[in-house]
Amino acid sequence: MSQSSPSLPIAVSIGEPSGVGADVTLAAFARRQSLDLPPFFLIADAEMVARRAERLGLDVQVRTIGRPEEWGADPRSLDVLPLVNPHSEEPGRADPANAAGTIEAIDRGTRLVLDGVAAALVTNPIDKKALYDAGFRHPGHTEYLAELCGTLIGKPCQPVMLLTGPDLSCVPVTIHIPLADVPGALTSELILSTARIVAHDLAKRFGLQRPRLAVSGLNPHAGERGAIGREDETVIRPAVEILRGEGFDVVGPLPGDTMFHPDARRRYDVALCMYHDQALIPAKTLAFDETVNVTLGLPIIRTSPDHGTAADLAGTGAARPNSFIAALRLAGRMAGIGTGEDASGR
Ligand SMILES: NC(=O)C1=CN([C@@H]2O[C@H](COP(=O)(O)OP(=O)(O)OC[C@H]3O[C@@H](n4cnc5c(N)ncnc54)[C@H](O)[C@@H]3O)[C@@H](O)[C@H]2O)C=CC1
Ligand SMILES: NCC(=O)COP(=O)(O)O
């Protein structure tokens with residue numbers, strides 16, 4: 001762990017214990033010095049993490065800390081803030097019985113950042129269905145963190161999901177909803193509020209003033225001037241015109257199939273897409289190992305690897321830690337923690 005900076009550490013939540021969260025966190029910790037990673041501690045069941053390290057054959061000592069302030073006393077050890085709700089470890093087999101611990105880790109990490117004890121929260125992937133089966137009523141971290149932060153600060157938050165990689169940053173305006181519900185959920189107001197949060201947070205968190213925004217259409221060929229679907233003209237174009245009137249650098253609606261080729265991508269900083277897969281397919285296809293999921297619109301910095309629980313790889317050593325490492329680095333840069341990385345960011 002880098003001791004060159006007196007910065008606060010980053011809190012990392014374990015995510016789904018049967019997934020690769022522990023694997024990628026341990027792998028990143030093992031390479032922390034050569035990669036000059038920002039300091040971090042893990043919120044997890046310490047015994048589960050130690051067992052996973054052993055299973056993976058990683059020479060990582062796990063040290064339980066009583067309070068986050070105890071972080072960093074022994075630079076050789078991965079500090080783990082233990083859970084009240086224990087996690088059983090069965091790689092590849094999600095169990096709703098672990099849900100309480102999974103949610104506890106997210107809750108505690110969020111509170112620690114809000115309390116100024118941790119610099120940022122990096123979340124490992126959750127198995128959404130396992131949490132739903134245990135009664136969790138939020139589609140994912142993104143929506144849950146917005147509600148939790150809103151309750152804790154007494155002010156509602158609109159979460160915005162940003163996927164950012166070396167060659168593409170994009171935002172799904174509607175997030176975790178069935179495709180059939182997208183046309184009904186898509187409103188000019190939602191596009192406007194999302195674009196305003198993107199512009200505000202890119203300036204505040206990334207130092208990018210007046211980002212160039214490209215807004216996608218919803219229908220094939222952005223509706224072919226109303227001939228293949230109406231939303232492009234009745235919902236999306238009016239929002240783009242209002243944004244332009246407010247001084248935004250924005251184009252659209254652009255046909256979704258032609259806005260991601262290399263020349264097109266050079267013309268904007270962020271693509272605002274109308275639904276989850278319209279944004280996440282190009283992001284993960286272009287750079288699965290380097291793309292980071294960031295939640296904008298929150299009073300805390302939250303990043304996450306772009307991948308899911310990868311249950312098929314848990315405990316095998318085959319999970320690549322790259323996206324997790326990118327998430328740690330980006331959280332560090334957003335929090336102003338010095339690392340050996342090029343700070344130009346994305
Ligand atoms: N932020 C979060 O909490 C996220 C959670 N999920 C959840 O993850 C679960 C599984 O989702 P899937 O769609 O199967 O996506 P996935 O990303 O877990 O897996 C898709 C494919 O990519 C591979 N893969 C994923 N991460 C990898 C890594 N680090 N190194 C090498 N290969 C990797 C997997 O082995 C699999 O073949 C679902 O329950 C989903 O809800 C998915 C995305 C984000
Ligand atoms: N596919 C992205 C995703 O599911 C991210 O979900 P979350 O960060 O909101 O948990």
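Trainee: Is threonine 142 buried or exposed?

Mentor: Threonine 142 counts as buried, because 24 C-beta neighbours lie inside 10 Å. The cut-offs are 20 or more other C-beta atoms within 10 Å for buried, 12 or fewer for exposed, and partly exposed in between, with C-beta atoms placed from the backbone. Before we go on: this is a predicted model, where local features need pLDDT of at least 70, side-chain atom pairs count only at pLDDT 80 or more, and totals for chains, interfaces and linings use all residues. Residues are numbered from 1 along each chain as its sequence is written, while chains are lettered from A and ligands numbered from 1 in the order in which they are written.

Trainee: Which helix is threonine 142 found in, then?

Mentor: Helix 6, residues 141-153. Helices here are DSSP runs of H or I with at least four residues, strands are runs of E with at least two, and both are numbered from the N terminus. Leaving aside neighbours within four places in sequence, threonine 142 is in contact with Pro159, Met161, Ile175 and Thr295; contact means C-beta atoms, placed from the backbone, within 7 Å.

Trainee: Which residues are around ligand 2?

Mentor: Ile126, Gly140, His141, Thr142, Leu280, Asn293 and Ser304. To be listed, a residue needs its C-beta atom, placed from the backbone, within 6 Å of the molecule. That shell has two nonpolar, five polar and no charged residues. The classes: Ala, Val, Leu, Ile, Met, Phe, Trp, Tyr, Cys and Pro are nonpolar, Asp, Glu, Lys and Arg are charged, and the others, Gly among them, are polar.

Trainee: And what does the shell around ligand 1 have, by class?

Mentor: Seven nonpolar, seven polar and five charged residues. In all, 19 residues surround ligand 1, and the closest are Pro125, Lys128, His307, Gly308 and Ala310.

Trainee: Where does lysine 284 sit?

Mentor: Lysine 284 is in helix 11, residues 276-287. With 18 C-beta neighbours inside 10 Å, lysine 284 is partly exposed.

Trainee: Which other residues does UniProt list for "binding site"?

Mentor: The unreviewed entry also has His176, His221 and His276. They span 101 residues in sequence and the farthest two C-alpha atoms are 23.7 Å apart, so they do not all gather at one spot. Histidine 176 does touch His276, though, along with Pro139, Gly140 and Glu143, not counting residues up to four places away in sequence.

Trainee: Switching to the fold: how many strands form the sheet?

Mentor: Twelve, in an open sheet with mixed pairing and the order 3-4-2-1-5-12-11-6-7-10-8-9. Two strands pair if DSSP finds at least two bridges between them. Strand 3 (61-64) and strand 9 (249-254) each have a single partner strand, so one side of each is left without a neighbour in the sheet.

Trainee: How do strand 8 and strand 9 run?

Mentor: Parallel, joined by four bridges. In one of them, alanine 214 has valine 251 in strand 9 as its bridge partner.

Trainee: How far apart in space are arginine 67 and valine 251?

Mentor: 48 Å, C-alpha to C-alpha, and 184 residues apart in sequence. Arginine 67 is in the loop between strand 3 and strand 4.

Definitions and conventions:
Two residues are in contact if their C-beta atoms, placed from the backbone, lie within 7 Å. UniProt positions are given in the numbering used here, feature names are shortened, and annotations may be inferred rather than shown by experiment.
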